[in-house]
Amino acid sequence: GPQLDLRIAQALSSHPGIRIEHRSGSEYAVNGRPVRLEVLPGQGGPDILVQDGPMRQPLADYLSGVSRNEAWSEAPVVQSALHALPERRRVSFEEVFPESRHQAMEVAVMEAQARE
């Protein structure tokens, strides 16, 4: 809205080398980097928080490039489909040492079929 645009303009006035482009909704780009801007009610008008990946920070601090007032969300733990299976249900195979790429592919196909 207009208050957000005014706050962005005020922040940019003290950071002339920075460009902020509105993309859609709360999606913006700061010097080409995709971020989200969130408006929070503040004492002197709305405060703007920047969300850049897992980090949230007030716009003024973000534009200044300082680490002050950063808040980090927990990074999600990424696991493979294998980790989702209990160990007792995992399929393992005898270790073999194929002598050619063709043999290695045959072994891989047999192991894949056994897993299905």
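Of the 116 residues in this chain, 19% are buried, that is, under 20% relative accessible area with a 1.4 Å probe and protein chains only. The model is predicted, and local features need pLDDT of at least 70, side-chain atom pairs count only at pLDDT 80 or more, and totals for chains, interfaces and linings use all residues. Residues are numbered from 1 along each chain as its sequence is written, and side-chain values use heavy atoms, without hydrogens and water.

**Overall form**
- The chain contains four helices and six strands, which are DSSP runs numbered from the N terminus (helices: H or I, at least four residues; strands: E, at least two).
- Read from the N terminus, the order of elements is α-β-β-β-β-β-α-β-α-α.
- The chain is more spread out than a compact globule, because its radius of gyration is 25 Å, well over the 13 Å that the globule rule gives for 116 residues; the radius is taken over C-alpha atoms, and the rule is 2.2 Å times the number of residues to the power 0.38.
- Along the principal axes, the C-alpha atoms fill a box of roughly 70 × 30 × 25 Å.

**Strand pairing**
- Strands S3 (residues 33–40) and S4 (residues 47–52) pair in the antiparallel sense over five bridges, where pairing requires at least two DSSP bridges between two strands.
- Leu37 has Val50 in S4 as its bridge partner.
- S4 also runs antiparallel to S5 (residues 55–58), joined by four bridges, and Leu49 has Pro58 in S5 as its bridge partner.
- S4 and S5 form a hairpin with two residues between them, and Gly53 in the turn has a positive phi of about 65 degrees.

Note on methods
Buried < 20%, exposed > 50% of the residue type's maximum accessible area, 1.4 Å probe, protein only.
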